[in-house]
Amino acid sequence: METRTGKRRRMGLNKKLRGLIDAALDWVYPPRCMVCTDILPVNGPKWICENCGGLLAPITPPVCVKCGAPTETDGSICSACRARKRVLSNTSIFVYDDAAREVIHRFKYNGCRGYAAGFAKLAADSLGMGFFDGLEALVPVPMFPRKRRRRGYNQAEELAWALSETTGITVLIDYLKRVRETRPQAGLTPVERTNNLKGAFALDKPLKLKSFLLIDDIYTTGETLEACANLLKQGGAEQVRSLTLAVAVRRETQLKPEGAEVYGADLNLKKAGEDHGHENIQFNENIRGSAPG
Ligand SMILES: [Zn+2]
Ligand SMILES: [Zn+2]
């Protein structure tokens, strides 16, 4: 399949019609809080209720300049990223804690693809529009076609489209392709992880673009994003960064917002038979050298 680019998925609809459709949908399916799923008040916040306001809290500096996880000192590289010689610079909106796991799980597996718009809003609010300066294209980490058909959508793509609506930056679909089905990365050793991804991605015919933002849901060890970034660079990219919703960090070092632990007690929606590629990962061993994530 050839590279598809685009700025707006619903370009055919004018603003007024979209507004009417959205209002009708809100009436039939009232918007619910992404975290606790309670119905949101009509004139209140659009994605997260006031009770959950402290959850999915944006990461604030200092962060590791490679993985984007919270660190002790600004501008530093965490030990895990030093050990793995990370090239890519990743930014995450929030830490992969209990609330994040729950919300991302619904986003990926329970058909809550509409959350993408909420995440894009969180990203724009927490990072500011300056973060997107100079970028020519958003590139979602691709999913193997069979897996994508099974799930019905690729959450990274949904996120890229939503970010495109907010920023106006083009989305590239099928420029970076997944050409081989891989085992879930969770539970593999670092060497197995690298081998698992060998030859998994390929590029469509060359483009003139030079500056890309890779989009994915979770940064664990960053192996997948590094593989994608290296390939884009081989294809002539001069600048590649990545943006993920969440970054997994060791539980002991998580900067938990108030109330996260209380909420965490109720979190157990995992269902048998689902692909827990990321969900099995509790932390990415940012501190220790060996890596499950
Ligand atoms: Zn809530
Ligand atoms: Zn790091």
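## A tour of the predicted model

Select helix α7 (residues 190-197) together with helix α8 (residues 223-234): their axes come within 10 Å and cross at roughly 40°, where axes are lines fitted to C-alpha atoms, for helices over the stretch in contact, and angles run from 0 to 180 degrees between N-to-C directions. Helices here are DSSP runs of H or I with at least four residues, strands are runs of E with at least two, and both are numbered from the N terminus. α7 and α8 are therefore oblique to each other, given that angles under 35 degrees count as roughly parallel, over 145 as roughly antiparallel, 65 to 115 as roughly perpendicular and the rest as oblique. Their crossing is right-handed, a term that applies if the near helix is turned clockwise from the far one by less than a right angle, anticlockwise being left-handed.

Show side chains next: R193, T194 and L197 in α7 meet E223, T224 and A227 in α8, a contact requiring C-beta atoms, placed from the backbone, within 7 Å. The residues of this contact divide into two nonpolar, two polar and two charged, with Ala, Val, Leu, Ile, Met, Phe, Trp, Tyr, Cys and Pro counted as nonpolar, Asp, Glu, Lys and Arg as charged, and the others, Gly among them, as polar.

This is a predicted model, in which local features need pLDDT of at least 70 and side-chain atom pairs count only at pLDDT 80 or more, while totals for chains, interfaces and linings use all residues. Residues are numbered from 1 along each chain as its sequence is written, and chains are lettered from A and ligands numbered from 1 in the order in which they are written.

Move to helix α4 (residues 115-127) and helix α6 (residues 155-167), which pack at an angle of about 55° with their axes 8 Å apart. That angle makes α4 oblique to α6, and the crossing of the two is right-handed. On the α4 side select A116, A117, F119, A120, A123 and A124, which meet E158, L159, W161, A162, L163, E165 and T166 in α6. The residues of this contact divide into 10 nonpolar, one polar and two charged.

Now zoom out to the whole protein chain, whose secondary structure comes to nine helices and eight strands. Of its 293 residues, 41% count as buried, meaning that 20 or more other C-beta atoms lie within 10 Å of the residue's own, with 12 or fewer for exposed, partly exposed in between, and C-beta atoms placed from the backbone. The largest nonpolar core has 70 residues, of which L56, V139, L214, I215 and A246 touch the most other members; such a core is a set of buried Ala, Val, Leu, Ile, Met, Phe, Trp, Tyr and Cys residues joined through C-beta atoms within 7 Å. Centre on I215 which, leaving aside neighbours within four places in sequence, is in contact with L138, V139, P140, V141, A156, L159, A160, L163 and L243.

D98, in helix α3 (residues 98-109), is buried, with 20 other C-beta atoms within 10 Å.

Finish with the backbone. A cis peptide bond with omega of about 5° joins P61 and P62, and P62 has its place in the loop between α1 (15-28) and α2 (79-84). K85, in the loop between α2 and β2 (89-95), has a positive phi of about 50° although it is not a glycine, and K85 is exposed, with 9 other C-beta atoms within 10 Å.

Key
Contact = placed C-beta atoms within 7 Å.
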